[in-house]
Each structure stands twice: as structure tokens, then as C-alpha cells.
Amino acid sequence: MLSFPLVLAALSYLCIFAFTHLVRDPDFYVNPITQANMYAMYIIPGTVILAAIWITFSYFGGGHMLLSAANAHEIRKQDNPEVYRLVENVCITMGMPLPKVYIIDDHSMNAFATGRDPQHASIALTSGIIARLDRPELEAVIAHEMGHVINRDITLMLITVAGISFFAFTGSILLRAAARSGRSRDKNDGAAVLLLFGIAVVFMIFAYFIAPLIRMAVSRSREYLADATSAHVTRNPLALASALRKISTDSRVESLDEMTAMAPMCIENPLDKIGSSFSGLTATHPPVAKRIAALEAMGR
Amino acid sequence: MSALLIFLLFVAGLLLIVLFYVIGVYNGLVVLRNRVKEAWSDIEVQLKRRYDLIPNLVETVKGYAAHEAGTLEKVIQARNMAMNSNHHSPEAVAQTENVLSGALKSLFALREAYPDLKANQNFLKLQEEIRDTEDKIQASRRFYNSNVLALNSKVEMFPGNIIAGSFGFAKEQFFKLDEAEAEAAKKAPSVKF
């Protein structure tokens with residue numbers, strides 16, 4: 001967590017250093033480092049604060065976006081007592097307060113949980129998953145989702161995604177700044193422009209290539225963790241294994257097709273098999289076969 | 001700075017570290033013990049819910065199966081015994097609860113002999129509620145046991161056990177409904193028409 005603001009501060013300082021070469025009065029020489037420090041005093045806190053605001057908005061607003069996109073409607077105990085009771089029992093076992101329960105009208109089988117902490121959590125289930133899984137399997141799926149909430153995976157994902165998008169955003173701004181300053185007056189500025197350009201490219205590479213890989217790796221390991229939490233809570237790892245087997249045949253949720261950032265929160269990848277990556281480094285979920293094997297090993 | 005002073009400061013520093021460690025362990029134990037107490041009261045909440053549902057159930061069944069007074073009596077007796085027993089020892093509670101579950105099982109078995117009872121909406125609703133309560137007792141039992149596990153581990157492990165012993169932290173009992181009885185208790189009111 002700490003490395004993000006430090007990296008941001010370091011890169012910002014480099015940018016400022018580059019800028020001072022462009023804005024200084026060519027008539028008399030000012031120590032560039034002193035000048036950079038002057039600017040840095042204002043700019044670095046500024047960027048860190050901007051980043052913090054960006055992340056805070058995502059943190060508080062992230063859950064609602066997903067629920068409204070999926071056309072989920074909230075249910076009360078009398079609307080579907082069976083499901084509601086299952087959620088209640090899982091929460092009692094985990095010592096968590098009850099989340100808001102939503103149902104998505106979709107024939108496919110999927111479930112997700114959102115919420116920055118157990119006190120502000122929501123869980124959504126498709127009508128398909130409710131109809132097609134039996135009680136122990138549905139309980140295992142619910143336990144997996146509540147496991148995400150209690151392990152703070154949603155918080156982790158929201159902050160990661162927000163942080164990455166901030167890098168992408170500032171990267172694109174820097175690129176534009178570098179392009180404009182490219183038309184400069186004297187030779188000394190050439191180096192500065194190149195430096196600015198270089199930093200922008202680093203930002204972009206980080207945002208579009210490296211950070212997603214990190215994000216996917218984190219997402220996969222958290223999925224295994226949520227599977228283990230579910231097995232521990234229900235004392236029945238084979239139930240989740242059999243649920244996963246059924247779900248892997250039909251997990252696509254049409255209404256979520258646009259929300260690639262939110263895919264990791266679902267129990268199985270909700271996106272079109274062709275559109276998203278299903279294997280290797282860029283998969284958001286571990287391969288189902290591996291998850292089932294891990295669960296069956298627990299069951300012995 | 002004489003050597004003696006440095007040495008004394010060093011010893012003082014060491015003592016401070018040990019003190020903070022002891023405080024940390026003690027507070028951790030307090031938190032765990034309170035969690036166990038809270039988890040136990042959650043179980044009591046569910047047990048009470050079951051006790052409260054039973055009189056209604058008995059009345060409903062009485063309307064249709066008046067001849068089965070013996071079974072009904074057993075249920076009421078078991079319930080009263082469970083309610084009035086000493087609720088501080090998980091073992092004692094497990095025993096009375098098993099007896100009550102057994103009595104309830106015989107009561108629910110009556111529905112086979114009395115088709116009118118089987119069709120009664122009130123009876124079905126009560127059956128559902130009691131089954132859900134038994135699920136909730138299992139859930140809160142699991143939560144309680146995991147908290148007991150955490151406390152017991154901390155109390156037993158070295159070097160924390162020295163601190164635990166000197167401040168009177170004892171191991172708590174697990175709430176074990178006998179495994180076979182637990183299976184029976186879970187299956188008892190499941191409805192298969």
C-alpha cells in the first residue's frame with residue numbers, strides 16, 4: 001500500500017525536474033534542482049491528494065455501479081425465505097452482520113458480493129443459480145462470496161483498480177504535455193522533453209501492461225482464498241466443488257458484458273468466453289479444474 | 001554517559017519491551033474470551049427461539065392428534081428441562097438439547113400417521129421455522145467453536161500460557177452436540193412428502 005504513493009511521488013518529482021528545464025528563463029542560470037524542489041513542494045502533495053480523492057470516490061461508490069448495471073433488485077425475507085435464511089445462516093457462522101441481498105433475473109448461474117466492509121456489504125445471486133443448485137451447493141457459493149467480503153477483497157480490488165486508472169490518466173496527460181513542449185526553442189530543452197516523454201511512457205506501460213498482470217494475479221489468489229474460506233465455513237468443500245462444476249458450464253451474465261473491471265468479483269467469469277481471457281496470466285479467475293481439485297483435496 | 005548508565009538504560013528498555021508484550025498478550029486474551037462469551041449468547045438466542053416455537057407446535061398437533069398425548073408430553077417435558085437447566089456448561093446444554101431434538105423428531109414423525117396434520121398450513125410453517133432454527137443453532141455452534149479454538153490455542157501456546165495462567169484465563173469447552181445426535185438433529189424435521 002505504501003509503495004504506491006512513494007512511486008507516485010518519485011515519478012512526479014522527475015516530471016517536475018523535467019519541466020523546470022522548459023520553463024526557466026534562458027537568460028540566467030538557476031540551479032535546476034533548487035527550482036525543482038520549489039515546484040515539488042506544491043505539486044507532489046497535490047498529486048498525492050488528487051490520487052487519494054480519486055481512490056476514495058471509487059471506494060465508496062464502487063459497489064453501487066455494479067448492482068445497478070446488473071439490474072439487481074433487493075429482496076426482503078418474505079420475498080424468498082429459503083435464500084434469505086441461507087444467507088442468514090452463513091453470516092451467523094462467520095460472525096458477520098447480514099448484508100443486503102439482491103437477485104438478478106438471469107437464467108445463467110453466477111453470484112457476486114460487493115461492499116467495502118462487512119457492515120456495508122451486498123450479495124447478489126442470479127435467479128438461475130438459485131434454481132439450478134441444491135441447498136448445500138448454494139450455501140457454499142454464498143459462503144464463498146461472503147468470504148470475499150470478510151477478506152476485504154472488494155476493498156483491495158477497488159483501490160487497485162482506482163490506483164491503476166490514476167496512473168493511466170496522468171500518463172496520458174503527461175504525453176500530451178510532452179507533445180506540446182516538443183516545439184521548443186533551444187537545444188537544452190530537447191533532453192527535458194525526452195525525459196517527460198519517457199516518464200509518460202513508463203506510466204502508460206505500468207497502467208496498461210504491468211498493473212493488470214499484478215491485478216489478475218492478486219485476483220486469482222484471492223479466489224483460492226475465498227474458496228478455502230467457504231470450505232472452512234460450511235465444513236463441506238465438496239459442495240462448493242460440485243457447485244463450481246455446474247456453474248462452469250453457464251456463467252455468462254449478459255448485463256455485465258461491459259464491466260470488465262468488475263469481473264473478478266463474481267464467482268466465475270461472467271464475460272463472454274471469446275471476449276475475455278480464460279487462461280494463464282490474464283485470467284481473472286483460476287481455472288475451474290484447479291479450484292475443484294484444491295477443494296477435493298480439502299475434502300479428504 | 002558512563003557505562004553503568006548505558007547498562008541501566010538498556011535494562012530499562014528491555015523491561016519496557018517485556019511489559020508491552022505482556023500487555024499485548026493479556027489484551028488479546030481478553031478480546032478472545034469476550035468473543036467466546038458473545039458467541040455463546042448467540043447460541044442461547046437461537047435455543048430460546050426454538051423453545052418459543054414449541055408450545056405453538058404442540059397446540060397445533062394436539063388439535064389433530066389428541067391421542068398422541070404421550071409424545072406431546074415428552075416434548076413439553078424435554079423443552080422445560082432444557083429451558084431450566086444450567087446454561088453455563090456447554091456439555092450440560094448439549095445433553096438437554098439432544099433429548100429435546102429426539103422428542104421433536106418423534107413429534108414430526110406423527111405427520112405420517114395424520115394426513116390432515118400434514119396438510120395444515122400452520123404446522124408446515126412451524127416445521128419450517130423449527131428446521132431453520134436448528135440450522136441456526138448449528139451455524140452459531142460453529143461460530144462459537146471457532147472462537148473457542150482461537151482462545152484455547154492462545155491459552156495453551158508458549159510463552160503466552162504463562163501470562164494466561166497468571167491472570168486466570170481458562171480454556172473453554174467446545175459445544176459438541178454428539179456427532180450422531182447432531183446428524184439426527186439436522187435430519188429430524190426435514191420434509192419429504
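Helices are taken here as DSSP runs of H or I at least four residues long, numbered from the N terminus. In this predicted model, B:Leu8 falls within one such run, helix α1 of chain B, which covers residues 3-64. With a relative accessible area of 48%, B:Leu8 is partly exposed, since that class lies between the limits of 20% and 50%. B:Leu8 also contributes to a nonpolar surface patch of about 850 Å².

Chain A contains an open sheet of 4 strands with mixed pairing, arranged in the order β1-β2-β4-β3. The edge positions are taken by β1 (72-75) and β3 (111-114) of chain A; each has a single partner strand, so one side of each is left without a neighbour in the sheet. From one strand to the next, the twist averages 25 degrees. Strand β3(A) runs antiparallel to β4 (residues 122-126) of chain A, and 4 bridges join the two. Within chain A, A:Thr114 stands opposite A:Ser122, a residue of β4(A). Helix α5 of chain A, residues 135-150, packs on the sheet and touches β3 and β4 of chain A. The direction of this helix makes about 25 degrees with that of β3(A).

Side chains of opposite charge can pair when their charged atoms come close. Over all chains, the structure holds 24 salt bridges. One of them links A:Arg135 to B:Asp135, with the closest N and O atoms 3.7 Å apart. A:Arg135 belongs to helix α5 of chain A and B:Asp135 to helix α5 (residues 121-156) of chain B, so this pair joins two chains. A:Arg135 is partly exposed, at 29% relative accessibility.

Within chain B, B:Arg111 forms a salt bridge with B:Glu112, in which the closest N and O atoms are 3.2 Å apart. B:Arg111 is buried, at a relative accessible area of 8%, whereas B:Glu112 is partly exposed, at 48%.

A further salt bridge, at 3.5 Å from N to O, connects the side chains of B:Glu128 and B:Arg131. Both residues lie in helix α5 of chain B, 3 residues apart, about one turn of the helix. B:Glu128 counts as partly exposed at 25% relative accessibility, and B:Arg131 as buried at 16%. Through shared partners, salt bridges join B:Glu128 and B:Arg131 into one network that includes A:Lys77, A:Glu82, A:Arg85, A:Glu88 and A:Arg135 from chain A. Among the chain B members of this network are B:Arg49, B:Glu129, B:Asp132, B:Asp135 and B:Lys136.

Conventions: Residues are numbered from 1 along each chain as its sequence is written. Chains are lettered from A and ligands numbered from 1 in the order in which they are written. This is a predicted model: local features need pLDDT of at least 70, side-chain atom pairs count only at pLDDT 80 or more; totals for chains, interfaces and linings use all residues. Side-chain values use heavy atoms; hydrogens and water are left out. Two strands pair if DSSP finds at least two bridges between them. Axes are lines fitted to C-alpha atoms, for helices over the stretch in contact, and angles run from 0 to 180 degrees between N-to-C directions. Contact means heavy atoms within 4.5 Å. Patches are made of residues with over 30% relative accessible area and no salt bridge: like charges are joined within 9 Å, nonpolar side chains (Val, Leu, Ile, Met, Phe, Trp, Tyr) within 5 Å. Accessible areas come from the Shrake-Rupley method with a 1.4 Å probe; for residues, only the protein chains shown count as cover. A salt bridge is a side-chain nitrogen of Lys or Arg within 4 Å of a carboxyl oxygen of Asp or Glu. Buried means under 20% relative accessible area, exposed over 50%, partly exposed in between (1.4 Å probe, protein chains only).
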